Amino acid sequence: MSAFTPLTTLADASQELARHRSTSVQLTQTALERIGSGEGPVAFTHVFTDSALAEARASDLLRAAGIVRSPIEGLPISIKDLFDVQGRVTHAGSRLLRDTVPAAPRTRPSSRACAPRARPSWAAPI
């Protein structure tokens, strides 16, 4: 197994986009290739390939027109499975939640993301 080598930093990728040395589509394709290899298929519960590439193309068109909506415009991201994503079940790493109702039209932390942890019986009182 090879060691993980980061593709680049977010700051570097953002500068590459700003200087037109790379495109959002190129960055997204690289990220998708990376997800498809190594431990990616195990680490990701769902990959939004089609919508990621569509969003990347839209971002590239906006950038070409001189519109940059934010410093992270065009950068591919991953969303931890603790956040509700519209139409997807938030598993929060639990098989017990596989039959849960898909999330409503918003992206937000699930109620499980901030649940208090039980203290072990050996822990000193606070």
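Author: Phe83 lies in strand S1, where a strand is a DSSP run of E with at least two residues, a helix is a run of H or I with at least four, and both are numbered from the N terminus. This is a predicted model, in which local features need pLDDT of at least 70 and side-chain atom pairs count only at pLDDT 80 or more, while totals for chains, interfaces and linings use all residues. Residues are numbered from 1 along each chain as its sequence is written, and side-chain values use heavy atoms, with hydrogens and water left out.

Reader: Why is Phe83 called partly exposed?

Author: Buried means under 20% relative accessible area, exposed means over 50%, and partly exposed is what lies in between, with a 1.4 Å probe and protein chains only. Phe83 has a relative accessible area of 35%, and therefore it counts as partly exposed.

Reader: What makes Ile77, Ile79 and Phe83 a patch?

Author: A patch is made of residues with over 30% relative accessible area and no salt bridge, where nonpolar side chains (Val, Leu, Ile, Met, Phe, Trp, Tyr) are joined within 5 Å and like charges within 9 Å. Ile77, Ile79 and Phe83 form such a nonpolar patch on the surface, and together they have about 310 Å² of accessible area, a quantity that comes from the Shrake-Rupley method with a 1.4 Å probe, only the protein chains shown counting as cover for residues.

Reader: How do you know that Arg69 and Glu73 meet in a salt bridge?

Author: The rule asks for a side-chain nitrogen of Lys or Arg within 4 Å of a carboxyl oxygen of Asp or Glu. For Arg69 and Glu73 the distance from N to O is 2.8 Å, and the pair meets the rule. Arg69 counts as exposed because its relative accessibility is 57%, whereas Glu73, with a relative accessible area of 6%, is buried.

Reader: Which residue forms a salt bridge with Glu16?

Author: The partner is Arg21, with the closest N and O atoms 3.4 Å apart. Glu16 is partly exposed because its relative accessibility is 26%, while Arg21, at 54%, counts as exposed. By this rule the count comes to 2 salt bridges.

Reader: Which residues of H2 are buried, and what puts them on the same side?

Author: Ser24, Val25, Leu27, Thr28, Leu32 and Ile35 are buried in H2. They cover an arc of only 160 degrees around the axis, so they lie on the same side of H2, the arc being that of the directions from the helix axis to the C-beta atoms. What covers the buried residues of H2 includes helix H1 (10–18), helix H3 (40–43) and helix H4 (49–64).

Reader: What is Ser14 in contact with, leaving aside its neighbours within four places in sequence?

Author: Contact means heavy atoms within 4.5 Å, and Ser14, found in helix H1, is in contact with Pro71 and Leu75. Ser14 and Leu75 are 61 residues apart in sequence, and their C-alpha atoms are 7.0 Å apart in space.
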